[in-house]
Amino acid sequence: MDLDERKMKILQAIISTYLETGEPVGSRTISKYADLNVSSATIRNEMSDLEEMGYILQPHTSAGRIPSDKGYRLYVDNMMQEKRKELEKQEKEITDMKEFLVEKVEKVEELLQNTARLLANNTNYTTMISTPRRSQNRLKFIQLSLLEKTKLLCVVVLEGNVIKNKIISLGQEIDNEMLLKLNILFNSSLNGLIIEEINLSIISKMAAQAGEYSSLVRDILDAIAQVLHSQEDLKIYTSGATNIFKYPELSDSTRASELICTLEEKQLLTTFIQDEGSEDGKMGIQVYIGDETPVQSMKDCSVVTATYELEDGMRGTIGIIGPKRMDYEKVVETLKNVKDQLDSAFKKSD
């Protein structure tokens, strides 16, 4: 069954009305739209078709309809232009935001915290923002030093002169001559690579060159992989958690408690943001609706994210969390503006 023009108009009317009221929408309400010119009976039939197609839901037998995740997805992809007039009212807010962000801020952390607060105040949703991190950790230099006969200090220098280290416990003793050979082996084999490029062929070749120390080579490679995957310096700032209670569909005590716990503990947010920044294709605005959101406590929400990028592959994530009936167009335009201003602010502070 195709989604013809009339069905599209009715679906758009249902979504627009629900965005404004938060209440299930009935056929009588939809019949008041002047450009439809059809009876309530015809609208009811069309709504039944839309429900069968998965674009709307009927929460109760006697209730009207509400958009499904599939309906919201169609709205986000095809209907955002309908609210253009509302954006004009936000021009002053966007101008104020630009003036705020270009102010000199001594610390990156302060800039990000202020940005999260400003976004929460301007959108009435919950916001999160991460510190910039490298999208790819490329090896520049490896230094192995003997601490004890069975302990090594592995110092890894990454592109951009980021230094990380790890202590490795050995299953066998090594001497200074073997330590020198290992340093040469690791630097000649791995310099300039990212973790995804260290494949089985490279590992096997290095193990073969190490001879009786092949198991040690694998232990050191495991330690390097842990260092490259480490995100211990990732920080996430959140603001506007109490905005959740402004929306009845999110203010249920159990749902709200789980969502606030996620925002406070940040562990799940960290996983979400790491996954968000792991694919090079995800550089623009991303919209996650309901079950599309990878965090369980956000399944009743929509999350809109943007990636801001600095030089040398440094990236950070901005996110806005709200009800499925959020004002998507305002949120998307606001995030685009903030992303541009963060890029400018960071470059000016270099």
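# Questions about a predicted model

Visitor: Leaving aside its neighbours within four places in sequence, which residues is Ser297 in contact with?

Guide: This is a predicted model. Start from where Ser297 sits: the loop between β9 (286-289) and β10 (301-309). Set aside the neighbours within four places in sequence, and the contacts of Ser297 are Glu258, Leu259 and Thr262.

Visitor: Which residue has a side chain joined to that of Ser297 by a polar contact?

Guide: Thr262 is among the residues in contact with Ser297. A polar contact also links two side chains here, at 2.7 Å. One belongs to Ser297, and the other belongs to Thr262.

Visitor: Is Ser297 buried or exposed?

Guide: Ser297 has a relative accessible area of 16%. The cut-off for buried is under 20%. Ser297 falls under that cut-off, so it counts as buried.

Visitor: Why does Ile14 count as buried?

Guide: Ile14 is found in helix α1, residues 5-21. Leaving aside neighbours within four places in sequence, its contacts are Val25, Ile30, Met47, Ile56 and Arg65. Buried means under 20% relative accessible area. Ile14 counts as buried because its relative accessibility is 0%.

Visitor: What distance separates the C-alpha atoms of Ile14 and Arg65?

Guide: Along the chain, Ile14 and Arg65 are 51 residues apart. Yet Arg65 is one of the contacts of Ile14. Their C-alpha atoms are separated by 7.6 Å.

Visitor: What is the phi of Asn124, about?

Guide: Most residues other than glycine have a negative phi. Asn124 is not a glycine, yet its phi is positive. Asn124 is in the loop between α7 (108-123) and β3 (126-130). Its phi is about 65°.

Visitor: Where does Lys266 lie, and what value is its phi near?

Guide: Lys266 lies in the loop between α11 (253-265) and α12 (267-276). Lys266 is a residue other than glycine, and its phi is positive. The value is near 70°.

Visitor: How many bridges join β5 to β6?

Guide: Strand β5 covers residues 139-148, and strand β6 covers residues 151-158. A hairpin joins them through 2 residues. Glu148 has Lys151 in β6 as its bridge partner. The strands run antiparallel, and the number of bridges joining them is 8.

Notes:
Residues are numbered from 1 along each chain as its sequence is written. This is a predicted model: local features need pLDDT of at least 70, side-chain atom pairs count only at pLDDT 80 or more; totals for chains, interfaces and linings use all residues. Side-chain values use heavy atoms; hydrogens and water are left out. Helices (H or I, at least four residues) and strands (E, at least two) are DSSP runs, numbered from the N terminus. Buried means under 20% relative accessible area, exposed over 50%, partly exposed in between (1.4 Å probe, protein chains only). Contact means heavy atoms within 4.5 Å. Two strands pair if DSSP finds at least two bridges between them. A polar contact is a pair of N or O atoms within 3.5 Å; within protein, one must be able to donate a hydrogen and the other to accept it, and residues adjacent in sequence count only if both atoms are side-chain atoms.
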